[in-house]
Amino acid sequence: MTKTLLVTAVVVVGSGFLALAGQSEAPPAVFTAAQAAAGRAAYESVCVNCHTYAVTGRKGDPGELPAISSLAETFRNGIQQAGGKIPPLAGEAFVKRWGARTTQALSTRIATAISGFPPAGLDDKTANNLAAYFLQVSGARAGMQELGAPGTTEVLIREVTATIAAR
């Protein structure tokens, strides 16, 4: 009886260690939910015109929304100059392209891009808010730390979007 209990205990404890070993650490949370919400509002005020409602960019396919014909001339011209193709700002293709870069590099690139098409309410935090939104749409989770806050750690995009980057 004692031998059976000992074997059972070893199996139960061993199974627990295997279960723990199979768990991986959650990706770091590098933005707040409020930042992502503000980023979404900024995105919907102007970026949506070129990058679409789905944040997946334009592939030049018919039926992409919003329809090019419904856009102001400035946006139509920009899309046409790009050959009808506008890069995605979230999702698998985005993570594949940006995964090896840092969240700060993304914010810096966004700050440059929005200077030509400023979103409503543009301020010093807009680029970080947009980056937070794009990361959230790409599967990253919100936390307590603001993206771009002084003293925050730089993180590779593939680290915060680990679930999508693993595909």
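Helices are DSSP runs of H or I with at least four residues, numbered from the N terminus. The views below show a predicted model, in which local features need pLDDT of at least 70, side-chain atom pairs count only at pLDDT 80 or more, and totals for chains, interfaces and linings use all residues. Residues are numbered from 1 along each chain as its sequence is written, and side-chain values use heavy atoms, with hydrogens and water left out.

View 1. A pocket is found on a 1 Å grid over the protein atoms alone; it is an open set of points where a 1.4 Å probe fits, with protein on both sides within 12 Å along at least five of seven lines. Lining residues have an atom within 4 Å of a point. The largest pocket holds about 550 Å³ of space. That volume is the space filled by probe spheres set on the grid points, which are joined across faces, edges and corners. The lining has 23 residues, and H51, I86, L89, R109 and A113 are the closest to the pocket centre. Helices α2 (33-51), α3 (73-81), α4, α5 and α6 each supply at least two lining residues. Which helix gives the most to this lining? It is α5, with 5 residues.

View 2. Helix α5 runs over residues 103-114, 12 residues in total. From first C-alpha to last, α5 reaches 16 Å, close to the 16 Å expected. The expected span is 1.5 Å times one less than the number of residues. Buried here means under 20% relative accessible area, exposed means over 50%, and partly exposed lies in between (1.4 Å probe, protein chains only). The buried residues of α5 are T103, L106, S107, I110 and I114. They sit on the same side of α5, because they cover an arc of only 95° around the axis. The arc is taken from the directions from the helix axis to the C-beta atoms. Their cover includes α4 (92-98), α6 (126-137) and α7 (157-160).

**View 3. Q104 on helix α5.** Q104 belongs to α5. At 34% relative accessibility, Q104 is partly exposed. Beyond its neighbours within four places in sequence, Q104 is in contact (heavy atoms within 4.5 Å) with G148 and E154. The C-alpha atoms of Q104 and I157 are 9.4 Å apart, though 53 residues separate them along the chain.

View 4. A disulfide is a pair of cysteine sulfur atoms within 2.5 Å. How many disulfides does the structure hold? There are 0. The sulfur of C50 is 8.6 Å from the closest cysteine sulfur, in C47, so it is too far for a bond. C47 is buried, at 12% relative accessible area. C50 is buried too, at 12% relative accessibility.
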